[in-house]
Amino acid sequence: MEVKRYRLTSMNPINLGREILYKILNFLTRAYVLFLGKRGDGMERAASSKERKKAAVAENKALLKHFWDEFVELYPTEEACREGLYSRAADDGSLNCRKCGKSLWQEGVSDRNVRCRNCSERNWITAGTFFEDARSIRPWFAAIWLLERGVVLSSSQLHELLDIAQSSAHNMLLKISAVMASYMLDHSTLVSSALFLESFRKRSRETPARMHPTVEEDEAHRTSNESCSQNTDQNCDSEPFSSKTGAADLQEQEKTVCDLLSGAPTHFDDLCQRALLRTGDVSSSLVMLELYGIATRLPGDFYALSRTEPNSGHAGGSISRKARADSGDGEHGTGNPQAHNDFVEFIDCFLKGISRKYVQNYLASYWCHLDRSCWRPGALLDACNQFHAISRREMLAYVSPLMVKFPAAHAQECS
Ligand SMILES: [Zn+2]
């Protein structure tokens, strides 16, 4: 009976109304508290990110001042830089006479044109080397010196420090980062360039007229799809009776090119020579291999095998959005959203945006800044010394591939 009475009272319309009102109020209060908390969290995060950026910029500024002062003291003149460069190059044998192979290194070398003491041959010391086009060695030497000490450099900073045109400074930094990028294979994972869409805030030659820089990403996908279908068409044309034969031929060519690739960078011209194929066929095979995730294009027209497992070909203009959605754990993601956010913050902090065209170069610079054991003092200078010349034309023609190399969280031992 008591139970019955209880039920009766609780079903009383006034009590029921109160109960519902109480529940609604309770719900609204909880929602408001949650909203305030979230808002507080968001504001806290924004503030801490702002603080972090401010601290990073200040730290970099101090680092730059310290190492710049050191550089000026050690290398006050062009001659001092030249001597520094040559003595370092002599150690690894990259400064030998082109005729007799003996070391050209002589103390007090003040010119790039040196007569060999062994065979009297005149040698242009920097011919064919990374420094071939450099009118003056000192700006290069300074940039390398600062970068291998972990300083983040922008073209405007270099322009101010060295009194060179900002475009020259920009070009210099791109070429140096191309050298770094060629060493990235064993220290990176392949990710979709679309992951960094929010950083694409600067225009390049690839940005369509009157469009936002991010449109470059979709353009890159469109171009690669087009060249893919063009390649298939070309093969179909050469075998008009069977389009299937064309596809089979293409696979055969891809296999030939693939067999020539290794983990070490190989130049495009070298591949053409060894593949005994037409330049266009090598080029189209490389596009396909790149799309399959088997090959990676490196700055300076170099190619190498990708380190990650090949993935199936993918296409579509909206791929950038899809890859972004996958950024946390998808096959095109870094597998570590924090790592990807850190890079975006790094770009935000020091460069205020980049162009998609050179995203691979910026990823390489970021790696150099992070991996202090790999790019310790002297390492970058040695890497540049052992690198070939990169022409301005080559650098202008370079476009980061759809899958770019992202520095691995735990870098492997550097050799
Ligand atoms: Zn000689």
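Student: Over how many bridges do S5 and strand S6 pair in the antiparallel sense?

Tutor: This is a predicted model, in which local features need pLDDT of at least 70 and side-chain atom pairs count only at pLDDT 80 or more, while totals for chains, interfaces and linings use all residues. Residues are numbered from 1 along each chain as its sequence is written. Strands (E, at least two residues) and helices (H or I, at least four) are DSSP runs numbered from the N terminus, and two strands pair if DSSP finds at least two bridges between them. Strand S6 covers residues 302-305, and S5 and S6 pair in the antiparallel sense over four bridges.

Student: Which residue in S6 is the bridge partner of Leu298?

Tutor: In S6, the bridge partner of Leu298 is Phe302.

Student: Why is S7 described as largely enclosed by the rest of the structure?

Tutor: A residue is buried if 20 or more other C-beta atoms lie within 10 Å of its own, exposed if 12 or fewer, and partly exposed in between, with C-beta atoms placed from the backbone. Met403, Lys405 and Pro407 point one way from S7, whereas Val404 and Phe406 point the other way, and all are buried. S7 is therefore largely enclosed by the rest of the structure, the number of its buried residues being five of the five.

Student: How many C-beta neighbours inside 10 Å does Pro407 have?

Tutor: Pro407 is found in strand S7, which covers residues 403-407. Leaving aside neighbours within four places in sequence, Pro407 is in contact (C-beta atoms, placed from the backbone, within 7 Å) with residues including His187, Ser188 and Trp367. Pro407 counts as buried because its C-beta neighbours inside 10 Å number 23.

Student: Which residue stands opposite Val404 in S7?

Tutor: Strand S3 (residues 188-192) pairs with S7 in the antiparallel sense, over five bridges. Opposite Val404 in S7 stands Val191.

Student: How far apart are the end C-alpha atoms of helix H6?

Tutor: The expected span of a helix is 1.5 Å times one less than its number of residues. Helix H6 (residues 166-182) has 17 residues and should therefore span 24 Å, which agrees with the separation of its end C-alpha atoms, 25 Å.

Key. Contact = placed C-beta atoms within 7 Å.
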